[in-house]
Amino acid sequence: MNKLPNVIIFDDICDTNLLDKAYEEARQKGTASYPFFNSTDELSDDDSAFAAIKELTWHLWCNKLKEILPEKYAGWEVWHNNMYEGDDLHKHLDVDEKAQKVVTPYLGCVLYLGPNSDIRGGSLNLNVTCWKKKTDAEKKPLIIPFRYNRVVLFKECLHWVAPVRKLEDPKLPRISLSCPLWETPISPIVRDGYHKPSTNFDLD
């Protein structure tokens, strides 16, 4: 883990057929989170959205990112937020919500599912002060713009999503799939509806 950069960005590495299938399933379902799973689980599922998400996550991590996978790992926690014009996501850490202390993933991962069209706003912001001391002048967040088929890996830090200002088609939401990698199994809180992480941290 220490040998990896704090942030790694890949563009256009996912199979677009899998990406577009997952986007459409997620769009139809709406914002949701799913049970924890690993690479040995069946990809099929009664929930067609979860099946598409699992297939895409497996494709991403076990095919495209296999050289980054540690020798031992437990699996993935997955959820997607469907964001329309005016939506944003507050500052937070990805954590094991049922743990008695703050436990974070081995590696955070966000995949931009779509839309495959113009979007203004909706950038991922990473708080660089979590990684090392910065002077006041250097405390601006690392801003990663939305881009179809972009994958962002990061060592866990405070992060948030800026407001979505404009969608080319207001009916096609900005959807990001979060699929962080965990070293030990967790039991996520599975929910439908807007996924607001339960643990908040203020930057001030």
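**The nonpolar core and its helices**

Modeller: Of the 204 residues in the protein chain, 50% are buried (under 20% relative accessible area, with exposed meaning over 50% and partly exposed in between, for a 1.4 Å probe and protein chains only). The model is a predicted one, in which local features need pLDDT of at least 70 and side-chain atom pairs count only at pLDDT 80 or more, while totals for chains, interfaces and linings use all residues. Residues are numbered from 1 along each chain as its sequence is written, and side-chain values use heavy atoms, leaving out hydrogens and water.

The secondary structure of the protein chain comes to two helices and 14 strands, taken as DSSP runs numbered from the N terminus (helices H or I, at least four residues; strands E, at least two). The largest nonpolar core holds 37 residues, and those with the most contacts inside it are L56, L60, W61, V78, L111, L113 and L153; such a core joins buried Ala, Val, Leu, Ile, Met, Phe, Trp, Tyr and Cys residues through side-chain atoms within 4.5 Å. At least two residues of this core come from each of α1 (16–29), α2 (48–64), β6 (108–114), β10 (150–154) and β13 (174–178), and the largest share, eight residues, is supplied by α2. Apart from this core lies another one, of 16 residues, which includes I144, F146, C157 and V161.

Across the protein chain, among contacts with a separation of 6 or more, 85% are between residues 24 or more positions apart.

On the α1 side, L18, L19, K21, A22, E25 and K29 take part, and they meet S48, A49, A52, I53, E55, L56 and H59 in α2. The residues of this contact divide into seven nonpolar, two polar and four charged, with Ala, Val, Leu, Ile, Met, Phe, Trp, Tyr, Cys and Pro counted as nonpolar, Asp, Glu, Lys and Arg as charged, and the others, Gly among them, as polar.

Technical notes. Contact means heavy atoms within 4.5 Å.
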